[in-house]
Amino acid sequence: MKKKSLSIILFISISIFVLGWTLASDELKLKIAPLTPYSGDKPFSFIVYGDTREGVFAHKRLIEQFEQERKSNNIAFIVHTGDYVKNGSETKQWKDYFISPIQPLAEKVPFFPVIGNHDYEDDGRGRENFAKVFSMYYTNDDFWYSFSYGNSIFIILDANLMTHAEEFGLQKED
């Protein structure tokens, strides 16, 4: 009888551990709507905004306005120019200040991220957290990407590279 109860307890413990690990690994991932192909010559609209690091309530109000724009003007996509959180190393800030407010809209409208200096943080975890949140765009250490929409090409660059030029083997020319 003791073996059965021990097996059940062990199974429950392992299940909780595995479930906890799965939840923890997905907690920083933003679910983003795919970009719908557009080949027409008609004008299209998109939203560019950024620096939402300290204003979670203001960010929520902006998202409400973006949702109204989406419904009335068929917004093609959103670009965030960086500084999502005050300290990129803090997982809680990513979840509370950025992912939680934007998730409902990001599931409806494609979202393209750019990393900001506050998202980096100097201990390396900020950049790591950013890559977890936006894993569909950032792989390995390449913090740039591009996409096409209509007759336009959008190139997303990490402007922080110039701040860390020596770290990436880049040098200023005289």
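In this predicted model, the largest nonpolar core brings together 38 residues. Those with the most contacts inside this core are Leu30, Trp94, Phe98, Ile102, Phe111 and Phe134. Both helices and strands take part: two or more residues each come from helices H2 (56–73), H3 (91–106) and H5 (125–133), and likewise from strands E1 (46–49), E2 (77–80), E3 (111–113), E4 (145–149) and E5 (152–156). Helix H3 gives the largest share, with 6 residues.

Leaving aside residues up to four places away in sequence, Phe98 touches Leu30, Tyr49, His59, His80, Tyr84, Gln93, Phe111, Val133 and Phe134.

Phe77, for its part, is found in strand E2. Its relative accessibility is 0%, and because buried means under 20%, Phe77 counts as buried. Beyond residues up to four places away in sequence, Phe77 touches Leu35, Phe44, Ser45, Phe46, Ile47, Val109, Pro110, Phe112, Phe147, Tyr149 and Phe154. The C-alpha atom of Phe77 is separated by 9.5 Å from that of Pro34, a residue 43 places away along the chain.

Tyr149, one of the contacts of Phe77, leads on to the largest pocket, where Tyr149 lies nearest the centre together with Thr36, Asn74, Ile75 and Ala76. This pocket holds about 280 Å³ of space and is lined by 18 residues. The lining is made up of 11 nonpolar, 4 polar and 3 charged residues.

How values were computed:
Residues numbered from 1 in each chain as written. Predicted model: local features only at pLDDT ≥ 70, side-chain atom pairs only at ≥ 80, totals over all residues. Heavy atoms only, no water. 1 Å grid on protein atoms, 1.4 Å probe; cavity = no way out; pocket = protein on both sides within 12 Å on 5 of 7 lines; lining within 4 Å. Points joined across faces, edges and corners; volume = space filled by probe spheres on them. Nonpolar A, V, L, I, M, F, W, Y, C, P; charged D, E, K, R; others polar. Core = buried A, V, L, I, M, F, W, Y, C linked by side-chain atoms within 4.5 Å. Buried < 20%, exposed > 50% of the residue type's maximum accessible area, 1.4 Å probe, protein only. Helix = DSSP H or I, 4+ residues; strand = E, 2+ residues; numbered from the N terminus. Contact = heavy atoms within 4.5 Å.
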